[in-house]
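Student: I have a structure open here and would like to learn how to read it. Could you go through it with me, one question at a time?

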Amino acid sequence: MSARMVPVLGPDMLSEPPAVPPLWRDQVKTPALDPFSPSGQPAVPSAAGSRGVCGACPGLRPACVSQLWLSFAPVAGTIARHFLLSTEQLNWLSLVFLVVSIPSGVVAIWVLDSIGLRWATTLGAFLNFLGSVIRSMPSMVVGTQDPFVFLLGGQSICALAQTLVIFSPAKLAALWFPEHQRATANMIGTMSNPLGILVANLLSPILVKTEEDIPLMLGTYILPAGLTFLLATACLWESVPPTPPSVGAAQSTSLPFLAGLKLLTRNKAYITLAVCFGGGVGIFSSFSALLEQVLCVNGYSSEFAGLCGALFIVFGVLGAVALGLYVDRTKHFIEAVKIGLCLASLACVAFAVVSQLQGQTVVLAAVCSLLGFFGFAVAPVAMELAVECSFPVGEGTAAGLVFVLGQAEGVLIMVLLTSLTVRHAEPSVSICRDGQGPLDWKVPMLLMAGLCVLFSCLLMVLFHTPYRRLQAEADASPSIQEDERPATAAALDHAPYLAAMP
């Protein structure tokens, strides 16, 4: 067998148990396919009891990190006055997450696929807790000379934890959950990130009424970070369950990190998905960061912009739940991603037009809800599809590189959009509070919509791939008779498994 061939367990292996190699590299006694019943469910329930804890730790971390990321933004004016910060310094407390995640993303991918999910989870939880404490030092230690150093340092450490957080849901779903639950598990882990953003937007204004309340806010955000670190340290003992829940999980660590990277660079389908979906991630990041600036020009209040942002996230989570359950049942990953991105593109075009009009609060709220519903729903499914089209490359590598590319594209898109704005010469209804003339966002918003449509069209035309991981699992489970195969396996019939990567 060549080095590029995917190891698949055949019927002869089932008849000769002593010849079966261990599924996990560090567990010699793990049985091969015996724990799997004809229905595809694990017959040994020992892993099921640990899934709650193992799902809770990586699931809580995205919410904690995203809370710390945007905890300053809703009370930016109060923070700036209290710590005597300039506008540029205040913006860097959020921008540092985007900048740090690009170079540290590759290291985080290596940690996930080489060291394991347990140590990656523990390290990420520790860095998040440490960063939350450091950024609180100016309020806890009297006489701090330069509070910005502590604030930026703490945010930078939390940004290092972010890469371990964002990349882990796909690997967690692959290692701990059977194939009919993977998309849902990935959805829960991925969607906890925007939920954390929503919590920060709601909690910070409630906690901070005056400058004297800032220490209370900083201390409050330490609590969930400390709880997550405690859970990861005390309750998470293994990177993998005692018995793999699927054949894909058994083979998930079959390729080294560098070998996986080499295969990904030669996988045209993966590159297409990474560029197009990464561009979508960049567009949605720009939308979230620029929403208030775009709306205030036409007289929409910051409270209404916050409402649109909340609807964007809430309906996004609802869409992700619905699509995750659907994909777990049907395995229509490609159809779901393509249709979802096309509908999100239409909503983005609608926002680019309606946001330039005045007095369209109801329509704007509806458009932001639809944009979140279709756009956010695609994210966890696209992560699963990245793993499917790149199998047997490690899940952390496949999903992580997509987000690293998305962060880089997000920086470029945001810089491009802001550079195309111009100041209004004539009087307007703007209620922006930057002390300068109102900005004209018409061209940047049309460009954002155009980029979204472009990425969707490229994905529709260029992206074609077999479901490599699902087909490998089907080929390795001959005990499932053709007439007993679940309807969800029908999605595999159109895509024969290719043993070698293209």
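**Reading the model together**

Student: Let's start with Leu-84: is it buried or exposed?
Tutor: Good place to begin, and keep in mind that this is a predicted model. Leu-84 has a relative accessible area of 74%. The cut-off for exposed is over 50%, so with 74% Leu-84 is exposed.

Student: Where does Leu-84 lie, and what is its phi?
Tutor: Leu-84 lies in the loop between α3 (76-83) and α4. It is not a glycine, and yet its phi is positive, at about 55°.

Student: Lys-331 also has a positive phi; is Lys-331 buried or exposed?
Tutor: Phi of Lys-331 is near 65°, and this residue is not a glycine either. Lys-331 is found in the loop between α13 (302-330) and α14. Its relative accessible area is 3%, and buried means under 20%, so Lys-331 is buried.

Student: Let's step back to the whole protein chain. How many helices and strands does it have?
Tutor: The chain has 502 residues, and buried residues make up 54% of them. Its secondary structure comes to 18 helices and two strands.

Student: What share of the contacts with a separation of 6 or more joins residues 24 or more positions apart?
Tutor: Here we look at contacts in the protein chain and ask how many positions lie between the partners. For residues 24 or more positions apart, the share is 84%.

Student: Which residues have the most contacts inside the largest nonpolar core?
Tutor: In soluble globular proteins, nonpolar side chains tend to be buried together. In this model the largest nonpolar core has 101 residues. Those with the most contacts inside it are Ile-79, Met-217, Phe-277, Leu-295 and Phe-351.

Student: Which residues are in contact with Phe-351, leaving aside its neighbours within four places in sequence?
Tutor: Phe-351 belongs to the largest nonpolar core. Its contacts, leaving out those neighbours, are Phe-287, Leu-291, Val-294, Leu-295, Leu-364, Val-367, Cys-368, Met-445 and Met-448.

Student: Which element gives the largest share of the lining of the largest cavity?
Tutor: A search of the whole structure finds one cavity of 30 Å³ or more, and about 50 Å³ of space lies in the largest cavity. Its lining is made of Ser-286, Phe-287, Leu-290, Leu-291, Val-294, Phe-351, Leu-417, Met-445 and Met-448. Two elements give two or more residues to that lining, α12 (268-296) and α17 (442-462). The largest share, five residues, comes from α12.

Student: Why do the buried residues of α11 line one face of the helix?
Tutor: The buried residues of helix α11 (residues 257-265) are Phe-257, Gly-260, Leu-263 and Leu-264. An α-helix has 3.6 residues a turn, so residues three or four places apart point the same way. Seen down the axis of α11, the buried residues line one face because they fall within an arc of 125°.

Student: Which backbone oxygen lies 2.7 Å from a polar atom of the side chain of Ser-104?
Tutor: Ser-104 lies in helix α4 (residues 87-115). It is buried, with a relative accessible area of 13%. Not counting residues up to four places away in sequence, Ser-104 touches Leu-160 and Thr-163. The backbone oxygen at 2.7 Å is that of Val-100.

Student: Gln-356 is in a loop; is Gln-356 buried or exposed?
Tutor: Gln-356 is found between α14 (333-354) and α15. Among the residues it touches are Val-294, Asn-298, Trp-441 and Met-445. With a relative accessible area of 18%, under the cut-off of 20%, Gln-356 is buried.

Student: Last one: how far apart in space are Gly-299 and Val-429, C-alpha to C-alpha?
Tutor: Gly-299 lies in the loop between α12 and α13, and it is partly exposed, at 36% relative accessible area. Leaving aside neighbours within four places in sequence, Gly-299 is in contact with Val-429 and Ile-431. Gly-299 and Val-429 are 130 residues apart in sequence, while their separation in space is 5.3 Å.

Note on methods:
Residues numbered from 1 in each chain as written. Predicted model: local features only at pLDDT ≥ 70, side-chain atom pairs only at ≥ 80, totals over all residues. Heavy atoms only, no water. Core = buried A, V, L, I, M, F, W, Y, C linked by side-chain atoms within 4.5 Å. Buried < 20%, exposed > 50% of the residue type's maximum accessible area, 1.4 Å probe, protein only. Contact = heavy atoms within 4.5 Å. Helix = DSSP H or I, 4+ residues; strand = E, 2+ residues; numbered from the N terminus. Arc of directions from axis to C-beta. Polar contact = N/O pair within 3.5 Å; in protein donor to acceptor, adjacent residues only side chain to side chain. 1 Å grid on protein atoms, 1.4 Å probe; cavity = no way out; pocket = protein on both sides within 12 Å on 5 of 7 lines; lining within 4 Å. Points joined across faces, edges and corners; volume = space filled by probe spheres on them.
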